[in-house]
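Hello,

Here is the structure I promised to pass on.

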Amino acid sequence: MTTRRAFLAAAGVAGAGLALSYSIHRQGKASYAEAVAETWRHSGEPATGRPEPMRDLVRYATLAPSSHNTQCWRFRVAEGGISILPDFGRRCPVVDPDDHHLFVSLGCAAENLIQAAAAAGLDGQAALNSGPEESVGIALTPAKGVRSALFEAIPHRQSTRSEYDGMPLTGDELRLLETAGTGRGVRALLITERQTMETLLELVIQGNTAQMRDPAFVAELKDWIRFSHAQAVRQRDGLASAASGNPSLPPWLGRRLFDLVFTESAENDKYARHLRSSAGVAVFVSEVDDKAHWVEAGRAFQRFALQATVLGIRTAHLNQPAEVPALRAELASTLGLTSGRPDLVIRFGRGPELPRSLRRPVEAVLV
Ligand SMILES: Cc1cc2nc3c(=O)[nH]c(=O)nc-3n(C[C@H](O)[C@H](O)[C@H](O)COP(=O)(O)O)c2cc1C
């Protein structure tokens, strides 16, 4: 009898615990959905009055992609323009020791800002200011307002880490992507031949293997993962588990399971499926390996991603061969490059959307 009562009591406690965690999960999911709706929208949707125009441009800029969703930027609004400053407190020293990705991310934000400025009747010209305080300065001057298709696509773009449908794109679609991905001193090489894609896959696998065998790389990545909806909503940065197609879990459990599930072979198999299901791969190449070109590479990549969004095409990163220094030279020689730096490796194709990432509010990034 005592045993039965104890069992029932224990079952009751376990049931209550499960119900509580389910309810916390549901609440987290609902607040995540609200935060997503608040983030991924054009201004004026829902109509809550016209926000201050410069803040609005900054909000569009923050919808850009950034490495590990670090949002490694700050914005200074001044007379005649907006400066985008690197936030070195958000560097990723292991995966990005030379701050290449950080400056590419600033370029992505600059492109969004310039597209949004054009829609608001302002011409934007970007230049990297070096000196004691580095920044990407965007000079804004009055112009005829143009709501471009790329601008319209800003709240719909996503880095989509799902399997794609394996179908090829048309010649016209590839040409539009190539044009969008070309910038000053930067070009996008589009690879659709299966044989070359397999060679790229070998490099991705070698790069991923090297990174996963580096405990510092894994620790840095883990620090930027937001394991639960609630954690993602609280911090509004980093890699939300859901956005990588993984379940939302309490962080203490997520961190433990990560060590079991995030294995070299599982990740390599996933990358093989991802690449083989893609229509092609775009490699962004800078003519000169310096910060000004990294910013341009970010701008070109962002135009490419927005153009892809306009066409209903998804994009995702497979940057390992560009990140691991020993493989970068091999990547360059696979592509027949004799100079320049391969900046980014991006797969593209059609496929399902995944849950979205979040952003910190404008107030958190204004200086
Ligand atoms: C320079 C740069 C490097 C990136 N590298 C990777 C990468 O190696 N793997 C990956 O899955 N995503 C990568 N991303 C995508 C970011 O993780 C993504 O932009 C961020 O999580 C926000 O999500 P969103 O692009 O869907 O808004 C990179 C993005 C940038 C700008």
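Thr70 sits in the loop that runs between helix H2 (53-62) and strand S1 (73-78); helices (H or I, at least four residues) and strands (E, at least two) are DSSP runs, numbered from the N terminus. This is a predicted model, in which local features need pLDDT of at least 70, side-chain atom pairs count only at pLDDT 80 or more, and totals for chains, interfaces and linings use all residues. Residues are numbered from 1 along each chain as its sequence is written, and side-chain values use heavy atoms, with hydrogens and water left out.

Thr70 is buried, at a relative accessible area of 2% (buried means under 20%, with a 1.4 Å probe and protein chains only). Neighbours within four places in sequence aside, Thr70 is in contact (heavy atoms within 4.5 Å) with Arg90, Cys92, Trp224 and Arg360.

Now to the ligand. Arg157, Ser159, Arg161, Asn319 and Arg359 come nearest among the 20 residues around the ligand, where a residue counts if one of its heavy atoms lies within 4 Å. Helix H3 (residues 100-119) gives the most to this shell, with 3 residues. A polar side-chain atom of Arg161 is 2.7 Å from an oxygen atom of the ligand, and for a polar side-chain atom of Arg359 the distance to a ligand oxygen atom is also 2.7 Å. Taken alone, the ligand exposes 620 Å², of which the protein buries 92% (Shrake-Rupley method, 1.4 Å probe).

Lastly, helix H11 (residues 291-310) is mostly covered, with 17 of its 20 residues buried. Just after H11, Gly312 has a positive phi of about 75°.

Best wishes

Notes. Buried means under 20% relative accessible area, exposed over 50%, partly exposed in between (1.4 Å probe, protein chains only). A polar contact is a pair of N or O atoms within 3.5 Å; within protein, one must be able to donate a hydrogen and the other to accept it, and residues adjacent in sequence count only if both atoms are side-chain atoms.
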